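Come and read along with me.

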Amino acid sequence: MTGKSQLGDFLQARRSQLRPEDVGVPTYGEGRRVPGLRREELALLAGVSTSYYTRLEQGQSLSASSEVLDAIAGALRLDDSERRYLHDLARADRQRTRGRRPAPEHVTEATAQLLDVLADVPAIVLGLRSDVLAWNRLGHALFAGHLAPGAPDLSAQRPNMARLVFLDCHTRDLYADWPSKARAVVGNLRLVAAQHPQDTALHALLGELSARSAEFASMWADHRVKACTVATYEMRHPLVGPLTVVQQTLSHGQGPNVVVATTEAGSTSRAALALLAQAITQPNTQPNTQPNTQDTIPAGPAPMWPQADTA
């Protein structure tokens, strides 16, 4: 996943995505064999020597200062999230520590109370690697009603939202603009991977997704970074139809994140959520006639979504 170095891979990818006309570099009508800026052009924009920038991109220099990284970030027109990612990659390449087994994640009492208070709002608790640690009834119904309600309760078999987005046909159908959701997932995983380069479970997840999904592999190779703390999505729910939600991540430091889905007051989307809340209070009589698409989901009560026709 890392190539010559994570920093070098990122620099090369972003340089190739920046056109000369984007940064005012004259080309005088010459043809170019490869797209993007040349190394010497990027180095000139950043105010560093071509040889030094080349060593950075080839992973032969791990001593770039914060000032140099900021200059390169400016030349590449990186936004704040991408700039922080660049610094994280440089730090990870300098340390290059051995991988280690991550500590088990759990839902704190405070987070459990918050989830209980948010009973009227779809909410899920996500761990570092997008594992679903918990959800309230409405969160389960909105995001993964085709899975067993107790799926997050067994730590070794929890659903993972990144896997669901890329490998689960129900979740793919849930988002009207699935590529936008998928890119947000990949961009967020990139940020996490740079911040936690020693996390072996995270790298195992990235390897699995790359092997099982060509779309994930392509998006990961694109090196796009995206902090998806607030995003609007059009959803096509199998029980209540289309609705537009704002997904917001409530973060409080190093612990798990609470993701909530809100709707505009007085909108048809708000009415659809109210209808969904009403539906989950009714006994579920829909038989579970098809296996889950995510093979790690534990057995449990029958899902509440009708099963999609995959024929």
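**Entry 1: a pair across two strands.** I looked up V246 and found it opposite T262 in β5. I am working with a predicted model here.

**Entry 2: the whole sheet.** In what order do the strands of the open sheet run? I traced 5 strands as β2-β1-β5-β4-β3, with antiparallel pairing. At the edges I found β2 (132–135) and β3 (230–237), each of which pairs on one side only. I also noted the twist, which averages 30 degrees from one strand to the next. A reminder to myself: in a regular strand, side chains alternate between the two faces of the sheet.

**Entry 3: the hairpin.** Next I went to β1 and β2, which pair in the antiparallel sense over 3 bridges. Here L126 stands opposite V132 in β2. The two strands, β1 and β2, form a hairpin with 5 residues between them. In that turn I spotted S130, with a positive phi of about 75 degrees.

**Entry 4: more on S130.** Is S130 buried or exposed? I looked up its relative accessible area, 11%, and since buried means under 20%, S130 counts as buried. Leaving out residues up to four places away in sequence, I listed what S130 touches: P159, N160, M161, A162 and L189.

**Entry 5: a helix over the sheet.** I then followed helix α6 (residues 109–117), which lies across β1 (123–126), β2 and β5. Helix α6 runs at about 160 degrees to β1.

**Entry 6: α1 with α3.** I turned to helix α1 (residues 6–16) and helix α3 (residues 50–57), whose axes come within 7 Å and cross at roughly 115 degrees. From α1 the contact uses L7, G8, L11, Q12 and R15, and from α3 it uses Y53, L56 and E57. Sorted by class, I get 4 nonpolar, 2 polar and 2 charged residues.

**Entry 7: α2 with α3.** Helix α2 (residues 39–46) packs with α3 at an angle of about 110 degrees, their axes 9 Å apart. Angles of 65 to 115 degrees count as roughly perpendicular, so I wrote that label down for α2 and α3. The crossing of α2 past α3 is right-handed. I saw R39, E40, L42 and A43 in α2 meet T50, Y53, T54 and E57 in α3. By class, this contact has 3 nonpolar, 2 polar and 3 charged residues.

Notes
Residues are numbered from 1 along each chain as its sequence is written. This is a predicted model: local features need pLDDT of at least 70, side-chain atom pairs count only at pLDDT 80 or more; totals for chains, interfaces and linings use all residues. Side-chain values use heavy atoms; hydrogens and water are left out. Two strands pair if DSSP finds at least two bridges between them. Helices (H or I, at least four residues) and strands (E, at least two) are DSSP runs, numbered from the N terminus. Axes are lines fitted to C-alpha atoms, for helices over the stretch in contact, and angles run from 0 to 180 degrees between N-to-C directions. Contact means heavy atoms within 4.5 Å. Ala, Val, Leu, Ile, Met, Phe, Trp, Tyr, Cys and Pro count as nonpolar, Asp, Glu, Lys and Arg as charged, and the others, Gly among them, as polar. Buried means under 20% relative accessible area, exposed over 50%, partly exposed in between (1.4 Å probe, protein chains only). Angles under 35 degrees count as roughly parallel, over 145 as roughly antiparallel, 65 to 115 as roughly perpendicular and the rest as oblique. A crossing is left-handed if the near helix is turned anticlockwise from the far one by less than a right angle, and right-handed if clockwise.
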